[in-house]
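This briefing concerns aromatic side chains and the charged groups placed over their rings. Please consult the sequence and structure shown here alongside the points that follow.

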Amino acid sequence: MLERVTSNLTRPAVLAALKEYDQLGQRAFLKKYGYKPARTYRLWHDNKPYDSKAIAGAAFGYLPGNPAPLRFNEFSGGLIYVVPILTHLGFSFDPPENYEVKAKNPLWTREQVILALDLYQKHGGRDPGATHPDVLEISALLRQMATEAGLATYRNPSGVIMKMMNFRSLDPVFTSRGGKGLDGASKLDEAVWAEFEGKPLDLAIAAEAVRAGVANTMTKDALDDVRSYSAKEGKVSYRLHRTLERDAKVVALRKRSALKAHGKLECEGCGFDFAATYGPRGHGFIEAHHTNPIHAMVEGNETTLDDLALVCSNCHRIIHKSKPWLSIAQLKAMIGGPFAKNGFGRGGS
């Protein structure tokens with residue numbers, strides 16, 4: 001049985017889907033296959049634009065044996081599952097030379113610069129390459145943040161790399177060795193750099209808050225597209241829970257509150273500090289435990305900062321290992337009691 005993945009597409013199958021698109025027209029074609037118009041990546045063929053994800057899904061039905069077309073929820077579009085496949089088959093995502101771009105890419109916003117700077121810090125000022133999953137994810141997220149996301153070059157992976165390299169001109173670690181970086185650092189870049197210089201945890205939490213704010217305005221499909229870039233297999237389905245699930249903005253505020261009070265993020269059970277152990281990769285990372293269980297909440301309940309405890313992954317798993325769940329006080333008593341000889345209670349996790 002043919003595996004239902006876009007990598008099995010062939011050029012003849014795609015051409016057949018393009019022909020059907022032309023015959024039916026965009027609206028009827030999208031309605032037939034259950035897709036929405038492309039927000040970002042449009043396939044160009046014979047000087048005409050096409051909705052790339054819909055074309056890929058429909059083309060699967062034109063493969064030998066006439067399998068059922070791929071449904072919209074069977075794969076994510078964009079730079080992982082559509083663009084490279086169709087490009088490999090000889091199709092283009094670049095508008096023709098005579099295509100008139102009606103608007104220029106708008107200036108970067110403070111929130112966008114924060115995300116780029118956070119990425120720069122996570123990679124230690126190095127260029128991870130335009131195909132790195134982290135870069136692809138940020139590019140997709142930035143596109144979703146903008147009403148101009150239909151622009152062909154808006155915050156593409158190369159643009160994200162350029163913004164990252166702009167920070168080199170502001171980074172004393174880089175300039176002290178004679179490096180200059182790119183010359184495009186803006187006043188906003190300088191201001192954001194100055195705001196977070198020497199404060200990697202603050203930066204990580206600020207970036208998390210930006211992500212959470214953007215996610216809360218996204219449709220489920222848009223969120224899936226963005227989050228899929230960080231999943232190697234791409235088959236993990238992420239969902240935005242708007243009612244009784246965790247509010248990521250509250251989690252970010254809880255982390256910010258702990259950082260302001262203690263200067264670090266450490267587990268409230270065992271004292272483990274991810275940043276101290278893992279360096280920049282651990283900046284801003286710690287899990288949030290709901291002391292008021294979500295399953296006990298009713299519609300209308302709101303999560304407050306006091307409802308969240310910050311814990312390491314091990315402690316979080318132990319809390320939830322069996323019911324009734326442990327309270328933070330019970331967890332600390334367990335760690336500081338007869339089991340401390342196993343290494344707990346000394347900041348280990």
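Is Phe274 buried or exposed? In this predicted model, Phe274 has a relative accessible area of 9% and is therefore buried, since buried means under 20%. A search of the whole structure finds eleven aromatic pairs, among them the two stacked pairs described below.

**Stacked pair Phe167–Trp193**
- The ring centres of Phe167 and Trp193 are 6.2 Å apart and the planes meet at 25 degrees, so the pair is stacked.
- Phe167 belongs to the loop between helix H7 (157-166) and helix H8 (172-175), while Trp193 belongs to helix H9 (residues 187-196); the pair therefore ties together parts that are 26 residues apart in sequence.
- Both Phe167 and Trp193 are buried.

**Stacked pair Phe274–Tyr278**
- Phe274 and Tyr278 form a stacked aromatic pair, at 6.1 Å centre to centre with 25 degrees between the planes.
- Both residues of this pair, Phe274 and Tyr278, lie in helix H13 (residues 274-278), four residues apart, or about one turn of the helix.
- Whereas Phe274 is buried, Tyr278 has 52% relative accessibility and so counts as exposed, the cut-off being over 50%.

**Aromatic cluster**
- One aromatic cluster is formed by Tyr21, Phe29, Tyr33 and Tyr50.

**Charges over rings**
- Arg11 places its charged end over the ring of Phe91, 4.4 Å from the ring's centre.
- Over the face of Phe75 lies Lys53, at 5.2 Å from the ring centre.

Note on methods
Residues numbered from 1 in each chain as written. Predicted model: local features only at pLDDT ≥ 70, side-chain atom pairs only at ≥ 80, totals over all residues. Heavy atoms only, no water. Phe/Tyr/Trp six-rings, centres within 6.5 Å; stacked < 30°, edge-to-face > 60°. Helix = DSSP H or I, 4+ residues; strand = E, 2+ residues; numbered from the N terminus. Buried < 20%, exposed > 50% of the residue type's maximum accessible area, 1.4 Å probe, protein only. Lys NZ or Arg CZ within 6 Å of the ring centre and 35° of its normal.
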